[in-house]
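I want to go through its sheets, domains and ligand shell in turn, and to write down each convention where I first rely on it.

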Amino acid sequence: MSGPKLTPADVRAAADRLPRVRLAHLPTPLEELPRFAAKLGGGVRVFVKRDDCTGLVLGGNKARHNEFLFGDALASGCDLFVWGALVQSNNCRTTAATCAKLGIECRLYLSKAHQKTEPQGNLLIDYLVGAHVEFTDAKIGPELNALLASKADEFRRAGRKPYFWDPPRVVPQAAVSYTVCMAEIAEQLSALGVKPSAFYVSSAGATGAGVALGKALLGFECPARLICPMPWPWHIPTRTAEDANAAAERMGLPHRLAVSDVDADESYIAPGYGLPSPAGQEAMHLLASTEAILTDHIYTAKALAALVADVRAGKYPPGSSVVFIHTGGVPAIFAEPEKVLPGM
Ligand SMILES: Cc1ncc(COP(=O)(O)O)c(C=O)c1O
């Protein structure tokens, strides 16, 4: 990484150069998990950054993202959001909720894949907050992105001003929000006198780009482990470094990440995106039963499983501290209880 070390105040000031709408409950708490850590053994302290508590209808990382995405959208005069992902998308739920709060029309195109279309979990909330929902067979990734671009084009030709899921524009913009999250963590850890040995977060996109950039800007020397929830048809570390660097550029900062600065791990995706893994199930049940904190089977439980595996493998010496950045996602467990409590 190139560029000087910044303070949390410097990072905030750089983020504040971008248009922003205040939406999330910030700063989210940083809590220690003593009962969970004791079960893992090894004398390692575990902390959780509670971004499952960001507000905007049941929290998650997208409430932070949307501060900068809606800032960008409002600054460019948009009157309509054209968004899409899986049926149980936290991203779409939070975007629909933000649109409701700001009085903007929201059109969601939800990829059916293997998920049910009964109004439950995130989908139930999409309907409640008044989004227009259409289901599609387009696969999440380039195919769905092309559909969203063409829908946005139709709306534009009809005289509307749509803001749509256009990755080169929205991913770096959203990533900025996670440099702010890392600034909060830096302040919270320093108030506790704790030096972290690692960060863990579920991401193969904007969140991870922001975490990797924020870690570098603030001079944390430990790894930021990005535990990928899904495979993408591109090289995730390369794309993440590009998105992080585009975010730094928008913040007016000279810092740049190399691909080797991105620690992305695709080994926790199995048996597939959206499908629960035995290690994820175990981590989810352990955290819920020791600390009364919920995770979801699609994203956060798999990232937590990586933390559990690394601590159990003795990767960190006794007395060291690791931080789990909880990105939310809990509504999906109500839509797919059979994936959370198999056999019940
Ligand atoms: C709960 C949760 N965690 C993590 C992620 C990954 O976020 P990103 O796309 O920024 O990598 C998502 C994405 O939808 C999510 O819903």
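**Conventions.** I note that residues are numbered from 1 along each chain as its sequence is written. The model is predicted, so that local features need pLDDT of at least 70 and side-chain atom pairs count only at pLDDT 80 or more, while totals for chains, interfaces and linings use all residues.

**Whole chain.** I counted 13 helices and 10 strands in the chain. The radius of gyration, taken over C-alpha atoms, is 19 Å, close to the 20 Å that the globule rule gives for 344 residues, so the chain is as compact as a globular protein of that length; the rule is 2.2 Å times the number of residues to the power 0.38. Along its principal axes the C-alpha trace spans about 60 × 55 × 35 Å.

**Six-stranded sheet.** I then followed S1 and S2 into an open sheet of six strands, with the order S1-S2-S10-S7-S8-S9 and mixed pairing. S1 and S9 are its edge strands, each pairing on one side only. From one strand to the next the twist averages 25°, where axes are lines fitted to C-alpha atoms, for helices over the stretch in contact, and angles run from 0 to 180 degrees between N-to-C directions.

Glutamate 31 has valine 48 in S2 as its bridge partner. S2 also pairs with strand S10 (residues 321-326), in the parallel sense and over six bridges, and there arginine 50 is partnered by histidine 326 in S10. Further along the sheet, strand S7 (residues 196-202) and strand S8 (residues 224-227) pair in the parallel sense over four bridges, with tyrosine 200 standing opposite arginine 225 in S8.

Two helices lie across S7, S8, S9 and S10: helix H8 runs at about 175° to S8, and helix H11 (residues 300-312) runs at about 150° to S7. Contact between two residues means that their C-beta atoms, placed from the backbone, lie within 7 Å.

**Four-stranded sheet.** What is the strand order of the four-stranded open sheet? I read it as S5-S4-S3-S6, with parallel pairing. Strand S5 (132-136) and strand S6 (162-164) stand at the edges with a single partner strand each, so one side of each is left without a neighbour in the sheet. Neighbouring strands are turned by 20° against each other on average, direction ignored. Five bridges join strand S4 (residues 105-111) to S5, and leucine 110 has phenylalanine 135 in S5 as its bridge partner.

**Domains.** The division, which comes from an automatic or database domain assignment, gives domain 1 (8-59 + 169-340) and domain 2 (62-166). Their centres, taken over C-alpha atoms, are separated by 23 Å. The contact takes 31 residues from domain 1 and 33 residues from domain 2. On the domain 1 side, helix H7 (167-192) and helix H12 (331-335) each supply at least two residues, and H7 gives the most, with eight. That side divides into 19 nonpolar, eight polar and four charged residues, where Ala, Val, Leu, Ile, Met, Phe, Trp, Tyr, Cys and Pro count as nonpolar, Asp, Glu, Lys and Arg as charged, and the others, Gly among them, as polar.

**Ligand shell.** Which of the 16 residues around the ligand come nearest? I found Ser203, Gly205, Thr207, Thr327 and Gly329; a residue is near if its C-beta atom, placed from the backbone, lies within 6 Å. Helix H4 (90-102) and helix H8 (206-218) each supply at least two residues of this shell, H8 giving the most with three. By class, the shell has three nonpolar, 13 polar and no charged residues.

**Backbone checks.** The peptide bond from leucine 26 to proline 27 is cis, with omega near -5°, and proline 27 lies in the loop between helix H1 (8-15) and S1. The bond from alanine 270 to proline 271 is also cis, with omega near 5°; proline 271 is in the loop between strand S9 (263-265) and helix H10 (278-291). Leucine 56 has a positive phi of about 55° although it is not a glycine, and this leucine lies in the loop between S2 and helix H3 (61-75).

Note on methods: Pairing = 2+ DSSP bridges.
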